[in-house]
Structure formats: structure tokens, C-alpha cells
Amino acid sequence: MKYQRILITGGCGFVGSSIALYIKKSYPNIKIICLDNFIRKGSKLQVQRLKNADIEVIEGDVRFYDHLKKITADLLIDCSAEPSVSAGLDGSSKYLVETNLVGSFNCLEWAKENKAALLFLSTSRVYSIEQLEKIPFTEGETRFEWMNNNLAKDRTQQGITKNFSTQGPISLYGATKLSSEHLVLEYSRMYDIPAIINRFGVIAGPWQMGKVDQGFIALWVARHYFNRSLSYNGYGGLGKQVRDFLHIDDICSLILKQVNQLENYRGETFQVGGGRNNSTSLLELTKLCEEISQNKIEFQKVENTHSNDIRILLLDSEIVKKEFHWKVEKNIYHLVKDVYQWILTNEDMVREIFCG
Ligand SMILES: NC(=O)c1ccc[n+]([C@@H]2O[C@H](COP(=O)([O-])OP(=O)(O)OC[C@H]3O[C@@H](n4cnc5c(N)ncnc54)[C@H](O)[C@@H]3O)[C@@H](O)[C@H]2O)c1
């Protein structure tokens, strides 16, 4: 491993903490520093387990360059974000833009200053909502399904490719991420900063503090476990909307491969999602949660669809698989079982997060 000191911003969040622990387990002698401002409910719960693994935790905020300035490292993995696609809908756009865009800019300035490499976590929400909603679909018993009769360069049977349109409205969250991607690319090329950008679909797994607007798979499992109700929002309240997903263990194995080859990249962008093979509708997820928890909960139906909603979102990830000789190992059954087991083991600790 080339890098001996790694800074993970948002390092006490779900993805950041999981990556920190995974890298530390593989390379115990590497110094890892997790910086977080603890705005996400539950992020403080990660501190002890990070410290137990000999990972340093620093309270700090990427909106302020001063908070990064004194830290030295040779790789930055940027996992700090307001990660909700609904962020800003309540009128509070300032925090979102300052964290997701100014924060990325500060991370890039810091990387330039420290001659450090950078791994940036982006999202499948950079794609055009209007164009996604225009893809012809059918309605099956448990899910909506894209029709496969007019596949083109921007869509395969597994999902959309990187050629898919990013034009038009994509949500404020998507816009801050797409703008950051542009900055990462330019900084990387201009200042010779090794960098990779990953556009992730849904990521889920143990230690995700899921809430209604972000982290729905963990939330679904938890609400079944704690016997609390949920709602199907949008698209007639049928629960048939579809997302692809990846287990956090699969994400970590890819990140480690990328870190080991990062020197060869200058801002290349990869799509990383489960595709059609690893996808679920809300209804299908409910069925599996019922099976694993042996419990049925109440569901409300909210028929109205929000302007940021997307009926189906699936990514084709063939390129990243080939490039890094990476395979997806875990399916929805592993995922729901692992999250269930985590909640069972940590019931008292997480009750407030999911039910409070
Ligand atoms: N989880 C997913 O499904 C998913 C999918 C696609 C992309 N991503 C991206 O992956 C990254 C990690 O997401 P996550 O699921 O771990 O979210 P998370 O909310 O669990 O983690 C983000 C962490 O960043 C911290 N944070 C927020 N604002 C900060 C600031 N100004 N300064 C310092 N720390 C701050 C939060 O306290 C939290 O601990 C994000 O960039 C997100 O956009 C996540």
C-alpha cells in the first residue's frame, strides 16, 4: 500500500466508518484519521468502535478549511456530505451547498496543499430526472420494470450507463455532487492529483443509521424489528419503485482495490451500483423483512409523487467490474439478514435512532 496516512472526512458516517475499519483491518500499520462534525444522528455511536480499532477521530467540519489545515495525510477519502436527495426541500439549501460543494472544494485545496490523492464519493442522482422518468416501463405485480426493447449506448439490461443524460434538473443534492465531480476532475488534471470518482447507487448494511429520506433499507429492517409503521411515498403509494443496491462489504472491497491503484487515475468517473440483478422494490423489500423478522407492520399510502422522485434507478457497472477485477458478492438476502443481525445485537443502542 502506497498510502501511510489516510484522512476520511465524514469518517463517522455509515460509509466513512465502514471504509476506515475495512482498510485498518487489511493494513493495521496505516494511520487513519476520521474527521466528522457529527451532524448525522448516530454518527457519535461510531466513535468508540473506531477508537477501539486504533483509528483517530477528530471533530471538525469540511465547510471550514481551517478544520482541515492542520491535518496531514497522503490520501483523502471524502465521505462527508448531506447525503439526502430531499435536502433543501424545506428551504434550507445553505448547509447542503456549503457541505457538499464548498466542502469538496476545501478537500481539493487540502489535497493540493498536501500533495495527497483523493477518492470522491458521488451518486447516481447526477442523472437527469426528466430523462429517467421518460424511459418506458411496465407495471408488474411487485415492481415497476424498465422495458428493454430500445436499449442504446446509454442503457443496457442492467441499467443506465455513464452516457446517460445529466442535463436538466437533478435535485440540489445531485447538483452539488455533479459540480464537485467537475472540480475533482479539473484539480486532478491541473495539479496532478491522483483521483477517482465513484457514482454510487444505494449503499446499505450494518451501522447505517437509516431514515426516511436516506438509508431506506436499514430503516425498513429496523421498523420491522421495532414494530413501527412506514409509508409508501409516491407513484400511487404502491411501493413499486425500484432501486439497485450494494452491500457495504462489496463497496469496501472495491474501495480498497481502487486505493491500491489510485496513482494511475486522474479524475476518472465510475458507476458503482447493483444493476438489475441486485435491485429491489419497496414491496419486495417489505416481503423479505417480514420473512426475516417474522413480523408484519402497518403501511400508509402516500399517493403524491415528489418532483425529485424517480420511479426506477439502476446502474450498469460492467466497466468498474472489469477495470478493478471486482465482483459483487452479496445479494438482498445477505443484506437484510446482516442489518437485522446488527440491530438484534445492538437493540438498545439503535432504538432511539430508528424509533425516536
Ligand atoms: N449511503 C448511500 O446510499 C450513498 C449512495 C450514493 C452516494 N453516497 C455518498 O457517500 C458518502 C457517504 O454517505 P453515507 O451514507 O455514509 O452518509 P452518512 O450521513 O452516514 O455520513 C456522512 C457523514 O458526514 C458527516 N458530515 C456531514 N456534514 C459534514 C461537514 N460539514 N463536515 C464534516 N462532516 C460532515 C455526517 O455527520 C456523517 O457522519 C456521501 O458523500 C454520500 O453522498 C451514499
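Figure 1. The side chain of Gln214 places an N or O atom 3.2 Å from a nitrogen atom of the ligand. The protein covers 97% of the 820 Å² of accessible area that the ligand has on its own; accessible areas come from the Shrake-Rupley method with a 1.4 Å probe, and for residues only the protein chains shown count as cover. An N or O atom in the side chain of Thr99 lies 3.1 Å from a nitrogen atom of the ligand. At Gly13, a backbone N or O atom is 3.1 Å from an oxygen atom of the ligand. A polar contact is a pair of N or O atoms within 3.5 Å. The model is predicted: local features need pLDDT of at least 70, side-chain atom pairs count only at pLDDT 80 or more, and totals for chains, interfaces and linings use all residues. Residues are numbered from 1 along each chain as its sequence is written, and side-chain values use heavy atoms, with hydrogens and water left out.

**Figure 2. The shell around the ligand.** Among the 31 residues around the ligand (a heavy atom within 4 Å), those that come nearest are Asp36, Ser43, Tyr95, Tyr173 and Lys177. By class, the shell has 15 nonpolar, 11 polar and five charged residues; Asp, Glu, Lys and Arg count as charged, Ala, Val, Leu, Ile, Met, Phe, Trp, Tyr, Cys and Pro as nonpolar, and the others, Gly among them, as polar. At least two shell residues come from each of helix 1 (14–26), helix 4 (93–114), strand 5 (117–123), helix 6 (172–191) and strand 9 (202–204). Helices (H or I, at least four residues) and strands (E, at least two) are DSSP runs, numbered from the N terminus.

Figure 3. For Cys79, the nearest cysteine sulfur is that of Cys34, 8.5 Å away. The sulfur of Cys107 has its closest cysteine sulfur in Cys79, at 9.8 Å, which is too far for a bond. Cys79 is buried, with a relative accessible area of 16%, and Cys107 is buried as well, at 1%. Buried means under 20% relative accessible area, exposed over 50%, and partly exposed in between (1.4 Å probe, protein chains only).

**Figure 4. The chain as the setting of these views.** The chain contains 12 helices and 15 strands. Of its 356 residues, 54% are buried. Its C-alpha atoms fill a box of roughly 55 × 50 × 40 Å along the principal axes.

Methods:
Disulfide = S-S within 2.5 Å. Polar contact = N/O pair within 3.5 Å; in protein donor to acceptor, adjacent residues only side chain to side chain.
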